[in-house]
Amino acid sequence: MEKDIWWTAPAESEDGHLIMVTGRRDVSRFRSNPRFNIRIEVTWRYDDSDASGMPDTATSQLMEQVQEALQNEFRKDPVAVLTGIYTGDGKRDWVFYSLSTHIFGRKLNEVLAPFPLLPITVYCENDPGWEEYDEMSQAEIKMD
């Protein structure tokens with residue numbers, strides 16, 4: 001990940017577990033485009049975690065490979081932008097904003113094809129005001 005465009009801050013889940021929140025700073029060109037109004041959350045639940053709820057090393061490494069593959073694909077064909085990553089409490093959530101669920105789904109399947117079957121779920125909803133992004137960004141503000 002390009003370090004200067006990402007920030008990371010600790011947060012807590014509703015039941016008090018550690019969640020590491022990583023957010024993207026340079027989203028203005030996507031946010032200013034009204035077509036990027038669909039929030040897509042890709043969730044990977046994992047059973048193998050340490051005492052703090054973080055993934056074990058093997059799972060973490062595979063997650064990083066998947067994330068890198070997704071980021072590379074959407075860098076080449078910017079139909080979606082990864083804006084946030086939440087890791088902890090037995091799951092990782094990647095939050096994207098996209099202009100098409102159909103194209104995103106096709107790209108997601110293409111990117112994931114070389115990997116073993118992964119325990120992921122996908123949730124989509126309209127978020128034209130980028131409310132989730134604004135909420136996530138509060139974690140960076142609290143960190144400063």
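**Exercise 1. Find the strand that holds Tyr123, then work out whether Tyr123 is buried, partly exposed or exposed.**

*Solution.* Step 1: go to residues 120-126, which form strand S6, and you will find Tyr123 there. Keep in mind that you are looking at a predicted model.

Step 1: take the relative accessibility of Tyr123, which is 42%. Buried would need a value under 20%, and exposed a value over 50%. Tyr123 therefore counts as partly exposed.

Step 2: look at the neighbours. Leaving aside residues up to four places away in sequence, Tyr123 touches Arg39, Ile40 and Glu41. The side chain of Tyr123 also has a polar contact of 2.3 Å with the side chain of Glu125.

**Exercise 2. How far apart are the C-alpha atoms of Tyr123 and Thr43, and how far apart are those of Ala80 and Glu64?**

*Solution.* Step 1: Tyr123 and Thr43 are 80 residues apart along the chain, and their C-alpha atoms are separated by 8.1 Å.

Step 1: Ala80 and Glu64 are 16 residues apart along the chain, with 18 Å between their C-alpha atoms.

Step 2: now turn to the whole protein. Among contacts with a separation of 6 or more, 69% are between residues 24 or more positions apart.

**Exercise 3. Is Ala80 buried or exposed, and which residues does Ala80 touch?**

*Solution.* Step 1: locate Ala80 in strand S4.

Step 1: a relative accessible area of 3% makes Ala80 buried.

Step 2: list the contacts, again without residues up to four places away in sequence. They are Phe36, Phe74, Phe96, Tyr97, Ser98 and Phe104.

**Exercise 4. Asp89 and Trp130 have positive phi angles. Place each residue in its loop and decide how accessible each one is.**

*Solution.* Step 1: Asp89 has a phi near 55°, a positive value in a residue other than glycine. Trp130 is not a glycine either, and its phi is about 55°.

Step 1: Asp89 sits in the loop between strand S4 (80-88) and S5. Trp130 sits in the loop between S6 and helix H4 (131-143).

Step 2: at 29% relative accessibility, Asp89 is partly exposed. Trp130, with a relative accessible area of 0%, is buried.

**Exercise 5. Step back: what is the order of the elements, and what radius of gyration does the protein have?**

*Solution.* Step 1: count four helices and six strands. From the N terminus, they follow the order β-β-α-β-α-β-β-α-β-α.

Step 1: for 144 residues, a compact globule would have a radius of gyration near 15 Å, and the protein agrees with its 15 Å. The C-alpha trace spans about 40 × 40 × 25 Å along the principal axes.

Step 2: check the surface. Of the 144 residues, 46% count as buried. The accessible surface is about 8000 Å², and carbon and sulfur atoms make up 49% of it.

Step 3: finish with charges. There are 15 positive and 26 negative side chains, and the centres of these two sets are 8 Å apart.

Note on methods:
Residues numbered from 1 in each chain as written. Predicted model: local features only at pLDDT ≥ 70, side-chain atom pairs only at ≥ 80, totals over all residues. Heavy atoms only, no water. Helix = DSSP H or I, 4+ residues; strand = E, 2+ residues; numbered from the N terminus. Rg over C-alpha atoms; globule rule 2.2 N^0.38 Å. Buried < 20%, exposed > 50% of the residue type's maximum accessible area, 1.4 Å probe, protein only. Contact = heavy atoms within 4.5 Å. Areas by Shrake-Rupley, 256 points an atom, 1.4 Å probe, with all protein chains shown as cover. Lys, Arg positive; Asp, Glu negative; His and termini not counted. Charge placed at Lys NZ, Arg CZ, Asp CG, Glu CD. Polar contact = N/O pair within 3.5 Å; in protein donor to acceptor, adjacent residues only side chain to side chain.
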